[in-house]
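Please report on the structure shown here.

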Amino acid sequence: MIKQTASEMGEALSKGEISSVELTKAHLDRIAEVDGQVKAFLHVDAEGALAQAKGVDARRKSGEKLSPIAGVPLALKDVLAQRGVPTTAGSKILENWKPPYDSTVVSKLKDAGVVIMGKTNMDEFAMGSSTENSGYGPTFNPWDLARTPGGSSGGSAAAVSAFEAPLAVGSDTGGSIRQPAALTGIVGVRPTYGAVSRYGLIAYSSSLDQAGPFGRTVLDTALLHEVMAGHDVKDATSISAPVPAVVAAAKSGDVKGMKIGVIKQLQGEGYQKGVQARFDESLQVLASLGAEIVEVDCPSFEYALAAYYLIAPSECSSNLARFDAMRYGLRTGDTEGASAEAVMSATRDAGFGREVKRRIILGTYALSSGYYDAYYGSAQKIRTLIIQDYAKAFAQADVLVSPTAPTTAYKIGEKVDDPMAMYLGDVATIPVNLAGICGMSLPAGLAEEDGLPVGFQIMAPAMQDQRLYQAGAALEAALLSKWGAPILSKAPTLGGVR
Amino acid sequence: MSSLSRDDVAKLAGLARIEMTEAELVELSSQFGMILDAVARVQEVDLTGVKATSHPQPLENVARPDVVLPSLSPEDALSGAPAKEESRFRVPQILGEAE
């Protein structure tokens, strides 16, 4: 039952073949069986999940018209507030915090009857690319438990890859949905900036953050996308236009006559051999389906990584000022006579991890008077050039493509002491965030040299998210018939079940 | 090669209200040169006449009708407070005795 796709589960639920309670129990059993190895979850809310499942079963019985994924269980990245359920953003500064409200994403999931089983591990405040920066220990890649699942949404990606949940929610500030999707052999989408409400999404870098869906198929991802997206008056940057028809696009999956642009700057040197090989093979598949492949030039992408590592730390140094030990979260050093400032400083030292401190200090530096124009100011102008590069490229192509990440999953501990090496893993995903457009990663097969999953990235202009699903579904179907079985069937056994 | 001394990092940490240990200050200052060199690449490009983008969307002021909507109860608002007194947050002393 847990090996099915979310859309198959939704169908079985609507036909009354299974109940949401049964389906949720099966997944909670799977979590109990394998999560000791994978460590995808920070908190499993078994009681709450079964209550939600019972509720949706009752709604269905009463004849209510429900979403196609009503009753299907889901794993939620711990960056999203859920009322009464521990929400930490992977940080010790929020240990034991229970939000008094639901994020809009959670409200929408509950309205749709999607069952939230628990909160997944992540790099602290979404700062990282391997989930090793979590204050609660790393998550392990189901394909090889010695390796990272990517990050920052590594827990959500690993949960879906390990069949602990058919669907998951992540957030993507510089690639934090697409890169872990690539490294664990699943599908992940970062929607257009503003398409999914940020209300209740704990902020890292507000002009770049966006929540989005994970699934094991393009269609499943689209079904969750449709539930999560939509205008929200509680988020001033939320887009009021209708949600693009992503489910219809995932069902059509036709690329005949579609122009696909290969970004010259995001391939070749620096990309692992097996990653490049799978990417090239997918391009050939798309061409054989009738797509027209063109090469596009995006010269400013060379500076995207530098601009990102100024803009995101700058915004984070401001956003994380709210963790001041006064209204919620950790407070230490509150002894008789200690000043508010001393308590604040002691709490922030004890509560924040290394990478978070590194980025706050970098952001504080980049925003300080005398350096502002040279660093933050220049980075914002590079951002303009990247938007212009995309505009030119999208004049030549309907979608743009690249490998999602330059390498397959790396060993835990391999890059943790070398921040620049870690940052380089985001080189292909960051331009999307800087421009506020949308992107998808889907499995392109396994790299020959290490047998690990490779991700294929598709990018589309703002609010043209349906193009991702259209091209993604076509590639997925063609690769599936070539492989004969889904990519996850090739992953090793966990807990004696797979 | 850019660099940031231990004292520079200490000053920034003070501004960011993070009380760092000596070991943390030394580690960060040793990593900063490399990181600053990498991000300083934004200065290699001729940016004359290029406008800055602070946000991917053309931002407009968003207003709603001035109607009272439900909000957190005092109990909910105080539910995560590290310390509280009656229906208020209890915080350490902010102003000095003499101020």
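## Helix α7 of chain A

In helix α7 (residues 218-228) of chain A, 11 of the 11 residues are buried, so the helix is largely enclosed by the rest of the structure. Buried means that 20 or more other C-beta atoms lie within 10 Å of a residue's own; exposed means 12 or fewer, and partly exposed is in between, with C-beta atoms placed from the backbone. Helices (H or I, at least four residues) and strands (E, at least two) are DSSP runs, numbered from the N terminus. The buried residues of α7(A) include Asp220(A), His225(A) and Glu226(A). Leu219(A), Leu223(A), Leu224(A) and Val227(A) are also among them. Gly230(A) follows α7(A) and has a positive phi, near 130 degrees.

## Basis of the model

This is a predicted model: local features need pLDDT of at least 70, side-chain atom pairs count only at pLDDT 80 or more, and totals for chains, interfaces and linings use all residues. Residues are numbered from 1 along each chain as its sequence is written, while chains are lettered from A and ligands numbered from 1 in the order in which they are written.

## Nonpolar core

The largest nonpolar core has 179 residues. Such a core is a set of buried Ala, Val, Leu, Ile, Met, Phe, Trp, Tyr and Cys residues joined through C-beta atoms within 7 Å. Ile69(A), Leu74(A), Val114(A), Leu167(A), Ala307(A) and Leu310(A) have the most contacts inside it. α10(A) gives the most to this core, with 10 residues. In soluble globular proteins, nonpolar side chains tend to be buried together.

What does Leu167(A) touch, leaving aside its neighbours within four places in sequence? Its contacts include Ile69(A) and Leu74(A). Asp220(A) and Leu224(A) are also among the contacts of Leu167(A). Two residues are in contact if their C-beta atoms, placed from the backbone, lie within 7 Å.

## The sheet

Chain A holds an open sheet of 11 strands with mixed pairing. The order is β1-β3-β2-β4-β6-β5-β10-β11-β9-β7-β8. β1 (41-44) and β8 (292-296) of chain A stand at the edges, each with a single partner strand, so one side of each lacks a neighbour in the sheet. The twist averages 30 degrees from one strand to the next. Two strands pair if DSSP finds at least two bridges between them.

Strand β3 (residues 115-120) of chain A has six of its six residues buried, so it is largely enclosed by the rest of the structure. Three bridges pair β1(A) with β3(A) in the antiparallel sense, and Phe41(A) stands opposite Thr120(A). Strand β2 (residues 73-77) of chain A pairs with β3(A) in the parallel sense over five bridges. There, Pro73(A) stands opposite Val115(A).

## Strand β5 and its partners

Strand β5 (residues 187-190) of chain A pairs with strand β6 (residues 211-215) of chain A in the antiparallel sense, over two bridges. Val187(A) stands opposite Gly215(A) in β6(A), and Gly188(A) stands opposite Phe214(A). β5(A) also runs antiparallel to strand β10 (residues 438-446) of chain A, joined by three bridges. In β10(A), Ser441(A) is the bridge partner of Gly188(A).

Is β5(A) covered or uncovered on its faces? Both faces are covered: Val187(A) and Val189(A) on one side, and Gly188(A) and Arg190(A) on the other, are all buried.

## An exposed loop glycine

Gly268(A) sits in the loop between β7 (259-263) and α9 (273-288) of chain A. Gly268(A) is exposed, with 8 other C-beta atoms within 10 Å. Pro403(A) is 135 residues away along the chain, yet its C-alpha atom is 9.9 Å from that of Gly268(A).

## Chain A against chain B

How many residues of chain A are in contact with chain B? The contact takes in 57 residues of chain A and 43 residues of chain B. On the chain A side, α10 (304-319), α11 (340-351), α12 (354-366), α13 (373-396) and α14 (419-424) each give two or more residues. α13(A) supplies the largest share, 12 residues.

By class, this side of chain A has 33 nonpolar, 13 polar and 11 charged residues. Ala, Val, Leu, Ile, Met, Phe, Trp, Tyr, Cys and Pro count as nonpolar, Asp, Glu, Lys and Arg as charged, and the others, Gly among them, as polar.

How values were computed
Axes are lines fitted to C-alpha atoms, for helices over the stretch in contact, and angles run from 0 to 180 degrees between N-to-C directions.
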